[in-house]
Amino acid sequence: MRIILLGLVGAGKGTQAQMLAQHMGIAHVASGDLFRQHQEQGTELGLLVKQYMEKGDLVPDDVTIRMIMDRIEREDCRQGFILDGFPRTMEQATALDRALGDQGVDCVVNIRVSQEELVRRLRGRLICRQCQTPYHQTNLPPKVEGRCDKCGGELYQRADDKPDVVQRRIQVQQGLLAALLDLYSKQGKLAEVDGEREIEKVSEQLLEAVSQCSPV
Ligand SMILES: [Zn+2]
């Protein structure tokens, strides 16, 4: 089973992908984790990624694609995989289809969350300056306001979580996502779940959606 999980940043993709992968006994391939691992291990791709990130540039599609392809060819992806954070662009989607051959992926699920809800989620994010533990003003507040439960460090809001930046980031992502939804919808592979419900409910819907598409 080859699954792509789509959704804007803040839609809860990572959490859902992890749970679904565990439930189905297939690999969870998160592009963010791959970036980090390659950098930690100092691989050729990792060094490339680092160069772009240090300059504040986006990692080019061909680098990301090589990283994902290298990952899904490994043994633990034989039974299937869930892609999380990839593809983000049409170029990546096309490269993936090409690499996977005729049938491409089996199933694409979009975790749908409204723009207002995403802004609310992202806007409330707080991070500990010392140990980087994440909190949320309303969903996961610290015991003492402004202080980390674990180390007592100061909590702050990242510059790119400020409301106007969040809004702009969501708009850019939404454009890219819309193109992908259109592509997979035309391929007859797209399902959607309501990402504004509780985590457990979203998981249930997701399982249901995935069970309705079988490997070709
Ligand atoms: Zn802390």
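**Helix α4 and the sheet**

Mentor: Let's start with the cover: β2, α2 (31-41), α3 (44-54), β3 and α5 (90-100) are among what covers the buried residues of α4, contact meaning heavy atoms within 4.5 Å. This is a predicted model, where local features need pLDDT of at least 70, side-chain atom pairs count only at pLDDT 80 or more, and totals for chains, interfaces and linings use all residues. Residues are numbered from 1 along each chain as its sequence is written, and side-chain values use heavy atoms, with hydrogens and water left out.

Trainee: What makes α4 largely enclosed by the rest of the structure?

Mentor: Buried means under 20% relative accessible area, exposed over 50%, partly exposed in between (1.4 Å probe, protein chains only). Nine of the 12 residues of α4 are buried, so the helix counts as largely enclosed. Among them are D61, V63, M67 and R71.

Trainee: How do you know what span is expected for α4 (residues 61-72)?

Mentor: The expected span is 1.5 Å times one less than the number of residues. With 12 residues, α4 reaches 16 Å from its first C-alpha to its last, close to the 16 Å expected.

Trainee: Why do β2 and β3 count as a pair?

Mentor: Two strands pair if DSSP finds at least two bridges between them. Four bridges join β2 to β3 (residues 81-84), so they pair, and they run parallel. A30 has D84 in β3 as its bridge partner.

Trainee: What makes β2 (27-30) and β8 (190-194) edge strands?

Mentor: The open sheet has the order β2-β3-β1-β4-β8, with parallel pairing. β2 and β8 each pair on one side only.

Methods: Helices (H or I, at least four residues) and strands (E, at least two) are DSSP runs, numbered from the N terminus.
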